[in-house]
Number of protein chains: 2
Amino acid sequence: MLTRDDLMTLDGEDPLAQYRARFDIPDGLIYLDGNSLGAQPKSVPAAAGVVLDEWQSQLIGGWRQAGWWELPLAVGDKIGRIIGAAPGQVLACDTTSINLYKTISAAVALRPDRSVILTEEIGFPTDQYIVDSVAERTGRTVRSVPRDESPADYLDDSVSVAVLGQVDFRTAALLDIPTTTAAVHDAGALVVWDLSHSAGVVPIALDADGADFAVGCTYKYLNGGPGAPAYLYVNQRILSETVQPLQGWLGHAEPFLMANEYQPAPGVRRFLTGTQPIVAMRVLDASLDVYADVDVAEVRAKSTRLTEMFIRLVDERCTGMGLDLLSPRPAESRGSQVSLRHPEAVAVYDRLVANGVRGDFRSPDILRFGFAPLYVSYADVWDAVEVLQSVLAR
Amino acid sequence: MLTRDDLMTLDGEDPLAQYRARFDIPDGLIYLDGNSLGAQPKSVPAAAGVVLDEWQSQLIGGWRQAGWWELPLAVGDKIGRIIGAAPGQVLACDTTSINLYKTISAAVALRPDRSVILTEEIGFPTDQYIVDSVAERTGRTVRSVPRDESPADYLDDSVSVAVLGQVDFRTAALLDIPTTTAAVHDAGALVVWDLSHSAGVVPIALDADGADFAVGCTYKYLNGGPGAPAYLYVNQRILSETVQPLQGWLGHAEPFLMANEYQPAPGVRRFLTGTQPIVAMRVLDASLDVYADVDVAEVRAKSTRLTEMFIRLVDERCTGMGLDLLSPRPAESRGSQVSLRHPEAVAVYDRLVANGVRGDFRSPDILRFGFAPLYVSYADVWDAVEVLQSVLAR
């Protein structure tokens, strides 16, 4: 049986332990919901002050002087370093849903003779809704991969694009990007990866793996703040051939010509549509600095151990208490989250919150616990299970 | 001939003079570019501090506790009061371009048998690009109204929707919403108004005038900050029939069911797509408070007089200096901006900036001067023309 001392020992050996001091976590809270909204980096308030000063003092001049104009690309490149993308292929902009619409539409247009969009039967809802919308508006049909089956088995030469999440938001099941991308390409199709639930905690090498498109949000493990601008990636290999429907002024090759006809910008900027929220963009920019010297492989190693310890402690201390492990048991198949089913999940969730452990609940009976390795400690894992056990024992 | 004292007298009688103290304007700057980026309300830094505290302390709980979830509607209603829309019809979200895509697509879908989208030959570029995109993707053709002609003369029973700007960004020419909307409706078509260059300075009564859709940005006269979230309006009369292509999780009737099928929310929330940037939204929310007790009719009265004084002073003091008035001379046909053409407009613009007068330049030869009546004084108008005259005299 593990003891709290065993977990304290792991904290003592943790090469990432120093990062917790860079976040402003409320005292006494065990926060296991960084997979929904990341904690606030301490660098954020100063960055917000800077951008408000820029606005106040430079006014319209801030677009050039303060570099606002370049922020979607500059912040995009910072995200690129985390997801294995060389500069010039990532834009920070809009929302994940909107970036899905842009990239899926672009992929479908690149495969005009193919009639099927492939996606997951139980993907994140917004991915499904956007896939359905693009399919309906482009006369395509949607083919869904049943849970626990491999997308590779549902590919054929009618598939234009596969829209896949790297980590399942419900179960934390992990899909392998290199092998899946290769299978999609073997079928002559393109892939759009949704990295919302994986970026920052699972090593990602979009360029090396030859991924075509990717999207993701920045308010989970990337700690960009509530509703922070999302991002999209387009591989340089296909960039110049792409067109996307949300063609706006900001994506024009020469916006200040104010031309009547749209001419897409040569680079990834063609996926930009309108003006981005600069205050939120600067906050995100500052949040990403936490990752400047982080090795995501090291984050993954800690993430794996955190979730292993959590599962082991639940096994040891909560047997016969109605919990079922929904997440994959093999660590290599699991993201940085553990999902447990319980017939009274809502009540359990409420009591956990009341006792200082913040995970979350997903309908109908799922308790999710996310482990953000930059600020969650092994002792937190022990303490969370301690509270979980006492809540269930009541 | 007018004197500076005449303008000081107007300032002394100005019922809006008190509002300037609510903005943080750099000392010594005459800022005539509020039509591009509004100045910063003094309430903004505190509001930014509040939302960062909410994020830090409430974390994921902020969505309910701090009311983040309701912000697109709550902020939308604040904007609604400025544009004559009763509650529940306006959403603050995304960008103007994206909201154009949503509303134009929705309008086209409501008139499935009509083949034409009507727009302006020289509208704002993003409006044209989005119109072109929707037309291409829905098999419609675009019909353009030449400058200085009336949209009413280009309507017939093939037109599904007219996409029109209330104020022309180049010339400040003003289109009459009630008569134009009535003409569009007489032809059986729908209208999408772009209010970006008019909201806050021209009285707008969307509900009373029976407008169908509207969009706009909030970073010009509404002072929401660089790239602040935009807005859209859908008239309650047609809301329940509308569908729009950017159908995302946030627009679902019951998002937390995490259902596989999209079911649009009953109200205007169906036009929401993804998660909005909450930090930027709170900043916008605080900025809009400046308008809480403002009568837009009073703003319009001052705006008219400011632009009249500017034109009169340019006439009196800059004759023979190469300036041509591009804006309409009758005040009732002009927004809160005066555009002047000059063969060396770029050089003039640069020297104006160097001498503390910030207007802007639009290709190829247009100098634009925007008058935000909440913080621009009559003395500013005098001083701006004084600098303009001395720059041109050199």
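Me: In what order do the four strands of the open sheet E9-E13 region of chain A run, and is the pairing parallel or antiparallel?
Reply: In this predicted model, the four strands of chain A follow the order E9-E10-E13-E12 in an open sheet, and the pairing is antiparallel.

Me: Which strands are at the edges?
Reply: Strand E9 (324-325) and E12 of chain A are the edge strands, each pairing on one side only.

Me: How many bridges join E12(A) to E13(A)?
Reply: Three bridges join E12(A) to strand E13 (residues 366-370) of chain A, and the two run antiparallel. Within E13(A), Ile366(A) stands opposite Arg362(A).

Me: Which strands does H11(A) touch when it packs on that sheet?
Reply: H11(A) touches E9, E10 and E13 of chain A, and its direction makes about 25 degrees with that of E10(A).

Me: And H12 of chain A, what does it lie across?
Reply: Helix H12 (residues 345-354) of chain A lies across E10, E12 and E13 of chain A, and runs at about 35 degrees to E13(A).

Me: Turning to domains, what does the assignment give for chain A?
Reply: The domain assignment gives domain 1 (4-31 + 295-393) and domain 2 (46-291) of chain A. Their C-alpha centres lie 29 Å apart.

Me: How many residues of domain 1 of chain A are in contact with domain 2 of chain A?
Reply: On the domain 1 side of chain A there are 22 residues in contact with 15 residues of domain 2 of chain A. Helix H11 (296-317) and strand E10 (337-341) of chain A each supply at least two residues of that domain 1 side. H11(A) gives the most, with five residues.

Me: What is the make-up of that side of domain 1 of chain A, by nonpolar, polar and charged?
Reply: The residues of domain 1 of chain A that touch domain 2 of chain A divide into eleven nonpolar, seven polar and four charged.

Me: Now the other sheet. What is the order of its seven strands in chain A?
Reply: The order in this open sheet of chain A is E2-E8-E7-E6-E5-E3-E4, and the pairing is mixed. Strand E2 (90-92) and E4 of chain A are its edge strands, each pairing on one side only. The twist averages 15 degrees from one strand to the next.

Me: In which sense do E3(A) and E5(A) pair?
Reply: E3(A) and E5(A) pair in the parallel sense over four bridges. The bridge partner of Thr119(A) is Val163(A) in E5(A).

Me: Which strands does H7 of chain A touch?
Reply: Helix H7 (residues 177-186) of chain A packs on the sheet and touches E5 and E6 of chain A, with its direction at about 150 degrees to that of E6(A).

Me: What about H5(A), which strands does it lie across?
Reply: H5(A) lies across E3, E5, E6, strand E7 (213-216) and strand E8 (231-234) of chain A, and runs at about 170 degrees to E7(A).

Me: On to H6(A). How many residues does it have, and how far does it reach?
Reply: Helix H6 (residues 125-138) of chain A has 14 residues and reaches 20 Å from its first C-alpha to its last, close to the 20 Å expected at 1.5 Å a residue. Just after H6(A), Gly139(A) takes a positive phi of about 70 degrees.

Me: Why is H6(A) described as largely enclosed by the rest of the structure?
Reply: H6(A) is largely enclosed because ten of its 14 residues are buried. Among them are Tyr129(A), Ile130(A) and Val131(A). What covers the buried residues of H6(A) includes helix H5 (96-110) and strand E3 (116-120) of chain A.

Me: How many residues of chain A are in contact with chain B?
Reply: There are 63 residues of chain A in contact with 63 residues of chain B. H6(A) gives the most to the chain A side, with eight residues. That side divides into 33 nonpolar, 22 polar and eight charged residues.

Me: Which residues is Tyr262(B) in contact with, leaving aside neighbours within four places in sequence?
Reply: Tyr262(B) is in contact with Tyr129(A), Asp132(A), Gln247(B) and His252(B). The place of Tyr262(B) is in the loop between helix H9 (236-239) and helix H10 (278-288) of chain B.

Me: Is Tyr262(B) buried or exposed?
Reply: Tyr262(B) is buried, because 20 other C-beta atoms lie within 10 Å.

Key
Residues numbered from 1 in each chain as written. Chains lettered and ligands numbered in written order. Predicted model: local features only at pLDDT ≥ 70, side-chain atom pairs only at ≥ 80, totals over all residues. Expected span 1.5 Å × (residues − 1). Buried ≥ 20, exposed ≤ 12 C-beta atoms within 10 Å, placed from the backbone. Contact = placed C-beta atoms within 7 Å. Pairing = 2+ DSSP bridges. Axes fitted to C-alpha atoms, helices over the stretch in contact; angles between N-to-C directions. Domains from an automatic or database assignment. Nonpolar A, V, L, I, M, F, W, Y, C, P; charged D, E, K, R; others polar.
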